Amino acid sequence: MIEIDLDLALEPFTLQVNVSFASQATVLFGPSGAGKTSLLETIAGLRPTVRGRISLQGTVLFDSSRRVFLPPEQRRIGYVPQEAALFPHLSVLENLQFGVSNGSSPLRVLPELIDLLDLGSLLERAPATLSGGECMRVALGRALATSPRLLLLDEPLRGLDVERKQRIVPYLLRLREAGRCPFLYVTHNHREAILLGHEVVLLTSGKIAAQGKPADLLSTKQYSFDL
Amino acid sequence: MTHQVANEIVALALTLRIAACAIVLILPFGILAAYGLSRYRGPGKSLIETLLALPLVLPPVAIGLILLELLSRSTSSILFTWKSAVIATAAMSFPLLVRGARSAFDAIDPRLADVARTLGRGPLYVFWRVTLPLAWRGVVGGLLTAFARALGEFGATIVVAGSIPGETRTLSLAIFQHIEAGRDAAAMRLVGLSLACAFLCLWSTERLLLRSKRGR
Amino acid sequence: MKKLSLTLLTMTGLLSSAQADLTVFAAASTSDALEEIARDFESKTQQKIRFSFAGSSLLGRQIEAGARVDLFLSADNVPIERLEKQGAIKAADHRTLLGNTLVVIASGDGKTLTSPSELRTRGRIATGDPETVPVGRYAKKWLEGEKLWAELGKQIVPMLDVRAALSAMASGAIKIGIVYDSDARSNSHVHVIYRVPSEKTGIIYPVAAFTPAGRQFLQFLLTESARSTFERLGFVVPR
């Protein structure tokens, strides 16, 4: 369960968000420039904002009225930005281990993740030698290795060709069914939203326009942005 | 002749020592300033950048005079010792280090540090393990350029440190003294030495930056 | 190789001599006196003088390298002898204009020296570079005569010229200096703590004129009013 109530100053408008969602897979759906990425960054604690409150599973991450601001490293929120943003100077294995320290996160989750995401053959490779789809799988693994309470995915399929998309989607579905951790998935692609979301939050022109089941919400032509 | 060669070795060793001390002195501040400038987005940014770049364009003797004023107010006497030569040299090379390191920090995708934070790592850890390793070529490049500048420092040094043989008479000061005394051949030998040192520094910088452009 | 460095040296001289009727190169120690005399000369003759004050060796080298100059007032004979050897001037063109006294000065409350050997305990000494700057050469000659150079040489902080030695003292970093009497008088931050007897140094300022305009200014330097200015500012004028 995540509850968000924010005023987010963006150029050229202020994004007002008041929403809560509890499903395993929530899709944040909206056109480019609606402020989706900024919202993810704010949830992760990477973007300061003046007014608002965010709580995750009962933990307050940010509350402007009580001057609470948990830094990103204490939020336990995994973040997979667009184009994966792997650490270019580290190998795949080192990327996966980056957030895993002996104390906080059990080392045994790593073999499971390597298995789940089919990363076994990539471990020694450098990120520069990976394909876009492989990068995305590593980025997923890197975020999940820290056992986050919420995973933020920013258009993970963007820029991939149809074939690569089709090879990634099963992993995302596997992730969803494994129930490992709930995710918030940003996209402006209609089909992805229907395919992956249990629940859709619709973001247009600076506010939440609607929230509901993907089939109900996205059947109307009105909200097709990927044409 | 051997006496002269010995003098030249003394001047070279002294120059290298003063330049190295200056670089060590400015390295932490330079990296910090470069990183800060690269990330800072608030008011007064261009003012700070202008101030930091001033020593690049001000006459070195003007910097020397400012330092002379500042240092003459401190109680312990470091003026006209090798320490003051280090300070003058440091002031003159600082902007070059900052410039080099800063463009390296600018070139890093800021999302990498962001992601690293969400992976549970604090800012210091992220700086050491992500930002600095990705910027190191640029930092070392800036460092070498600053070092090359330090080797040639003249104007600020002569004002605050004089030209004391074996203590503050670096290569460039020794060259000037040789010219004044009419020993052109000796001056030219030192010019050759300076040229070799400066060439080595700048050439390694170019090689380093070229390699980083080809991809990490 | 030699040509190149000399050419570079000349640039400063050439640049400073543009747009003037008369170019005078003079030892840094004479700047106050010459500027005062020049004001008088300029108002009487309507000729404009451009000065370049620096260490005499550097000026000598600039002239060697071809700097256009009408008159050169050096603080010792070495640059003049070099120029004569090079054929740039003839013996008839130069003469002794002034003498000076070497003094030991102190900043702050430095006490009078009863003997030069007391310098051993007074810390570092600012003066001209003994290798190239006349005041440093005279200081070395004097201290060698006193059998003190072997010890005191290490305390010497060699400066570019006599004025630089004075500014080093003004910063407070160096408390003792060896300069000319004339310079000590021009500076209110320092006071004389020892006068070196003139027979131990034999300081002379030779002057060489290169052109008719230079000879005209030289004649002016020998007039009674110029001589009294020199004397007032601490120089010794041979009568």
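How far apart do the C-alpha centres of domain 1 of chain C and domain 2 of chain C lie? In this predicted model, they lie 25 Å apart.

**View 1. The two domains of chain C.** Domain 1 of chain C is made up of residues 2-99 + 204-232, and domain 2 covers 102-200. Contacts involve 16 residues of domain 1 of chain C and 14 residues of domain 2 of chain C. About 960 Å² is buried between these domains, with 44% of it on carbon and sulfur atoms.

**View 2. Polar links between the domains of chain C.** Across this domain interface there are 2 salt bridges. Arg163(C) pairs with Asp32(C) in a salt bridge, with their closest N and O atoms 3.6 Å apart. Between domain 1 and domain 2 of chain C, 7 residue pairs are in polar contact (both at pLDDT 80 or more). Elements supplying at least two residues to the domain 1 side include helix H2 (31-45) and strand S10 (204-209) of chain C. That side has 7 nonpolar, 5 polar and 4 charged residues.

**View 3. The interface of chain B and chain C.** Here 22 residues of chain B contact 23 residues of chain C. The two chains bury about 1,900 Å² between them, 62% of it on carbon and sulfur atoms. Phe80(B), Glu180(B) and Met188(B) account for 33% of the area that chain B buries against chain C, more than any other three residues.

**View 4. Salt bridges and helices at the chain B side.** The interface of chain B and chain C holds 3 salt bridges. Arg169(B) and Asp129(C) form a salt bridge through their side chains (2.9 Å, N to O). Helix H3 (60-73), helix H8 (171-180) and helix H9 (184-213) of chain B each give two or more residues to the side touching chain C. H8(B) gives the most, with 4 residues.

Methods. Residues numbered from 1 in each chain as written. Chains lettered and ligands numbered in written order. Predicted model: local features only at pLDDT ≥ 70, side-chain atom pairs only at ≥ 80, totals over all residues. Heavy atoms only, no water. Contact = heavy atoms within 4.5 Å. Buried area = accessible area lost by both parts, 1.4 Å probe. Salt bridge = Lys/Arg side-chain N within 4 Å of Asp/Glu carboxyl O. Domains from an automatic or database assignment. Polar contact = N/O pair within 3.5 Å; in protein donor to acceptor, adjacent residues only side chain to side chain. Nonpolar A, V, L, I, M, F, W, Y, C, P; charged D, E, K, R; others polar.
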